[in-house]
Structures are given as structure tokens and as C-alpha cells.
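Please open the model in your viewer and keep the selection panel at hand. The stops below go from strand pairs to the whole sheet and then to the helices.

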Amino acid sequence: MSSEESERRYRRIEDLPGVGPSIANKLRELGFHTVESLAMATIRELVQVGIGKKRAFEIINAARASSSLSFIRADELIEKRQNILKLTTGSKKLDALLGGGIETQAITEFYGEYGSGKSQIAHQLCVNVQLPVERGGLDGGALYIDTENTFRTERISQMAEHMGLDPQEIFKRIILAEAYTSDHQMFLLENADRVIKENNIKLIIIDSLTAHFRSEYIGRESLAERQQKLNQHMHKLIRLARAFNAVAFVTNQVMSSPDVFFGDSIRPIGGHIVAHTSHTRIYLRKAGRGPVRIARLVSSPYLPEGECVFRITENGIEDVEENERR
Ligand code: GTP
Ligand code: MG
């Protein structure tokens, strides 16, 4: 980096031109604790806490210049895409279905009914993300936003031990946040940028993305508001995943739609908003009573639809032995 370029790099939001202590506080109130997340802010967001339009424009531009996120040449775009990393799920077949693993800088959604294995995969990813890149990890930590009190340290221990890792060390790189309501869930994510930066978080989990929204916004009249909130929430998530080159992994429940007469009537919650904001969607279902699960890639920006099987055992997420196939 040339000295001229390095001069444009700001470490803290207070270092940005035009940001004094009072504006810094306002920015933090909005959940912008880092220059990286501020680079993804909109002028409207800043104006809403009383920062002038012109000032807001200058602050965001300086943050953008500092994190080199604004204009890029096509060859740099290739480089940025090359920065996309892939996180292993623990199953080679499932990784292959996902094009080599779960991508950073995008939202990956796993939906399926109760017990289909969504939270088990989330646990496995918390361990795998800590592996070095050569082993399919991202050499980073995990942030687990838990809405249903699902997270279990015992399960992490089992998975870590199976991989020859020390559970105590693995625990240290998993940050938990329990969300009590949908508003609280949104608040946690809106204020997550500092935790993500300070802990080198490379995996952001929301398990479940939709459960609170579904139970709080009941009836037709509240649907529009629910969808608008979900949209805002998911956009915050994608901005964080891009700013920190992290995986965003969300789980979602299903409902059956009575208006479908042919084919599968099972639909994920969240309608068009969740469908369009998740880049990659996987539908999980059980294959009988045993440990085997079927994963179906339902949508992806560039991968073909397809299916594979894996299993959930004491060890965690694994490939199915050939002779065990359903
Ligand atoms: P909901 O959150 O209820 O929608 O379900 P989910 O999709 O998150 O299901 P989850 O990931 O919690 O999967 C639960 C299933 O994983 C259980 O029914 C078991 O089949 C399996 N499982 C969970 N823990 C263990 C374990 O310690 N050992 C083994 N062998 N299987 C486990
Ligand atoms: Mg679950």
C-alpha cells in the first residue's frame, strides 16, 4: 500500500473527518461501531439521528474510501470474489452440493421441519469455522444469535473432541447472544459489528431467523410490518457478512400451505423477502427415523438444483457410508 493510501485508512470511527465525540456517540447508538460497518451505512440512517445530510455523506464516503469498498475495477471485482471463502459443513457430499462449502459474503439459509438438523449444522459450523483454511475452516470465531435457547456446549464438546480439538479452546471463540424478542434480535445484530471485529468472527448464525417474527406478528394486518422488519434485519446481516468476509447462516422453519394441491406443500416462513434475500437455500428433511438427512439445494445464484444425503451422529455432521443409504 502506498503512503497516500495508508493515510486514508481510519482505524476508529472517531478518526474519520467530521466525526467528533457527539457524532461518534450517535453513530454508536445506530449500531455503527466500526469504520467497516459505517462504509455500508445509508445517508438516511445517519440523518435519522440528527446528523446533517452533507456531513452524513462525507462520513460515509470517508469510511468507504478507508475500507476500499466503493468503486472497484472489474479485475478488482475478480479479486474480491476470490476473497470469498468456503466453510466446510463436515460432509463432503453436502459441501459439494453447496459448490465446495458455505460461502462468505452471502446469506445461506437452511430450512426444514422440527428435528431436521438445522441447529445441529449450526453447532458443527461453530467448530469448523475455527479450523485453518487448509482443513475447510476460516480460522475465525462464531457469533451465535440464539432465539430458542438451542445452543448446547455439550454438543460442541462432542464435536470438537471427535475432531481432536480441545473443547475449552473452541468455547473461547464462540460468542453467544440470546434474543428474547424479534426487536431484541434486530438490536443484537445492529450492534454486532464491534464484537465481530474484535473477535475475528467469520461465522454469523441466526437460529432461528423467523421464529420470533412468526410468533409476534400474527394476522394479516401485521404481515406488512413483519416483512419490512425481516427485510431490514436481513439487509443488516448481508452488510455484515460482506464487510467482514464472513459466512451468514440462518435457519428457518416451515409451514404447509393449504393452497398447493400438487407437489410439495411445505413452504419456508418469510415469503418473498426471505426467499429473495437468502442467496443460497437448502431444504432439509429426515429420511426415515434414523440419523440420515436429505438436503436439497432449492436456490442458488449459480449452482444447479440438487440433492444429497448426510447423517447426524454422536460425532456431528458426517457423510453417509455407502451401505447405509436409506
Ligand atoms: P427445530 O429447531 O426444532 O426446528 O429443529 P432443528 O432442525 O434445529 O433440529 P436439530 O438440529 O435440533 O436436530 C435434532 C436432531 O439431531 C435430533 O432429533 C437427533 O436426530 C439429532 N441429534 C441431536 N443431538 C444429537 C446427538 O448428540 N447425537 C446424535 N446421534 N444425534 C443428535
Ligand atoms: Mg433448531
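Which residue in β11 does Y283 stand opposite? Select both strands in this predicted model, and you will find that Y283 stands opposite R296 in β11. The two strands, β10 (residues 280–286) and β11 (residues 292–299), run antiparallel and are joined by six bridges. The hairpin that they form has five residues between the strands, and within that hairpin G288 takes a positive phi near 75°.

β11 and β12 pair in the antiparallel sense over six bridges, and they form a hairpin with six residues between them.

Now widen the selection to the open sheet of nine strands, whose order is β5-β4-β6-β7-β3-β10-β11-β12-β13, with mixed pairing. β5 (174–178) and β13 (316–318) stand at the edges, and because each has a single partner strand, one side of each is left without a neighbour in the sheet. From one strand to the next, the twist averages 25°.

For a parallel pair, select β3 (residues 107–112) and β7 (residues 247–252), which are joined by five bridges; here F110 of the pair stands opposite T251 in β7.

Helix α9 (residues 153–162) touches β5, β12 (306–313) and β13, and its direction makes about 45° with that of β13. Helix α14 (residues 223–243) touches β3, β6 (201–207) and β7, with a direction that makes about 165° with that of β6.

To show the contact, select D183, Q185, M186, L189 and E190 of α11 together with K229, Q232, H233, K236, L237 and L240 of α14. By class, this contact of α11 with α14 has four nonpolar, three polar and four charged residues.

The last stop is K229, which is found in helix α14. Is K229 buried or exposed? With a relative accessibility of 18%, K229 counts as buried, because the cut-off for that class is under 20% relative accessible area. If its neighbours within four places in sequence are left aside, K229 is in contact with D183, M186, F213 and Y217, and D183 and M186 belong to the part of α11 that makes the contact with α14.

Definitions and conventions. Residues numbered from 1 in each chain as written. Chains lettered and ligands numbered in written order. Predicted model: local features only at pLDDT ≥ 70, side-chain atom pairs only at ≥ 80, totals over all residues. Heavy atoms only, no water. Pairing = 2+ DSSP bridges. Helix = DSSP H or I, 4+ residues; strand = E, 2+ residues; numbered from the N terminus. Axes fitted to C-alpha atoms, helices over the stretch in contact; angles between N-to-C directions. Contact = heavy atoms within 4.5 Å. Nonpolar A, V, L, I, M, F, W, Y, C, P; charged D, E, K, R; others polar. Buried < 20%, exposed > 50% of the residue type's maximum accessible area, 1.4 Å probe, protein only.
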